[in-house]
Amino acid sequence: MVRRWTKYFGQDTAIKLMTWNNSYPSFSLRANTGKGLTGADLVSRLKMLKVPHEPSLYLDDFVRLKTGMQNVIQAGLLKEGFCAVQDESAGLVVSIVDPQPGENIIDCCAAPGGKTLFMASRLNGQGKLFAVDINEGRLRILRETAKLHQVIDVISTIHSDLRTFSTDKVVEWDKVLLDAPCSGLGVLSKRADLRWNRRLEDMEQLKHLQDELLDSASRLVKPGGVLIYSTCSIDPEENEERIEAFLLRHPEFYIDPVNKYVPENFVTNRGFCMSNPVKHELDGAFAARLVRSQ
Ligand SMILES: C[S@@+](CC[C@H](N)C(=O)[O-])C[C@H]1O[C@@H](n2cnc3c(N)ncnc32)[C@H](O)[C@@H]1O
């Protein structure tokens, strides 16, 4: 991992990344707008609880906490669906999907539902969100949380392997999100276990799966529709390289630069979104927005 980061980012950034991953992680909360709440409501609850917080620099309705998560849990804010724990890097992916009321959206690797629930809250009760996942237990969590967050009415869950689900489907979705299984190398500050478990061979298998899932997800996009590919990895082989390889296999798709959807300092020179723990003090994540031509 150290060799890989030094190769891709240089020694200075590699050291900063390791320092970040070894420090105490900060958390973000998203106010549940699906229940009619706002960021201001969340801020006033946190003030009442005397939990130190600051508003997100990038997203409305998100706040950052360095400490005090135990108080938030004990006060029942998560249990009552007042807010969700969600990193801003995940919020930025939803900004790139840009869900609009009335749209037909499919989340291809949806569980446990962080992004599904945020997207559902943006539909304002109009439209449909299909949540596919291979893991039934994780889909159950998604359904339970969707009820709690009062967004279940717009969500349908589908327990399936995306690769079989997509084979006999008519292309019909306005927007298709593929939040792919990945190494998780962007979230090591919160997932200390991963740094001991990841092996180089995993990376080869993951890249193969990511290509297969991208091909499957692309079958679901209607002409003129949008495919969003995201990971919580900062590794170029799981990100830019997967998209470049996909575009060679699928010339019917082109890159829609993400400048319209996220702040400029997240946009790469190819028009992708990249959050970097060292630069943005968020989890590392990647997203590409691709449009299917007619
Ligand atoms: C990165 S996680 C998704 C996180 C989720 N989007 C969120 O925001 O909470 C990847 C998910 O892909 C699912 N998955 C892996 N292989 C799959 C496949 N072949 N078909 C469908 N889902 C799959 C896993 O079960 C896992 O829940």
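Biologist: Why is Ser-89 called buried?

Modeller: Ser-89 has a relative accessibility of 7%. Buried means under 20% relative accessible area, exposed means over 50%, and partly exposed lies in between, with a 1.4 Å probe and protein chains only. Because 7% is under 20%, Ser-89 counts as buried. This is a predicted model, in which local features need pLDDT of at least 70 and side-chain atom pairs count only at pLDDT 80 or more, while totals for chains, interfaces and linings use all residues. Residues are numbered from 1 along each chain as its sequence is written, and side-chain values use heavy atoms, with hydrogens and water left out.

Biologist: Where is Ser-89 found, and which residues does Ser-89 touch?

Modeller: Ser-89 belongs to helix H5, residues 88-97. A helix here is a DSSP run of H or I with at least four residues, numbered from the N terminus. Leaving out residues up to four places away in sequence, Ser-89 touches Ser-275, Leu-282, Asp-283 and Ala-285; contact means heavy atoms within 4.5 Å.

Biologist: What makes Arg-4 count as buried?

Modeller: Arg-4, a residue of helix H1 (residues 2-9), has 15% relative accessibility. That value is under the 20% limit, so Arg-4 counts as buried. Beyond its neighbours within four places in sequence, Arg-4 is in contact with Leu-200, Met-203, Asp-235 and Glu-237.

Biologist: Which residues come nearest to the ligand?

Modeller: Among the 20 residues around the ligand, Gly-114, Asp-133, Asp-161, Leu-162 and Asp-179 come nearest. A residue is near a molecule if one of its heavy atoms lies within 4 Å of it.

Biologist: How is the protein divided into domains?

Modeller: Domain 1 spans 23-85 and domain 2 spans 88-292, with bounds from an automatic or database domain assignment. Their centres, taken over C-alpha atoms, are 24 Å apart.

Notes: Helices (H or I, at least four residues) and strands (E, at least two) are DSSP runs, numbered from the N terminus.
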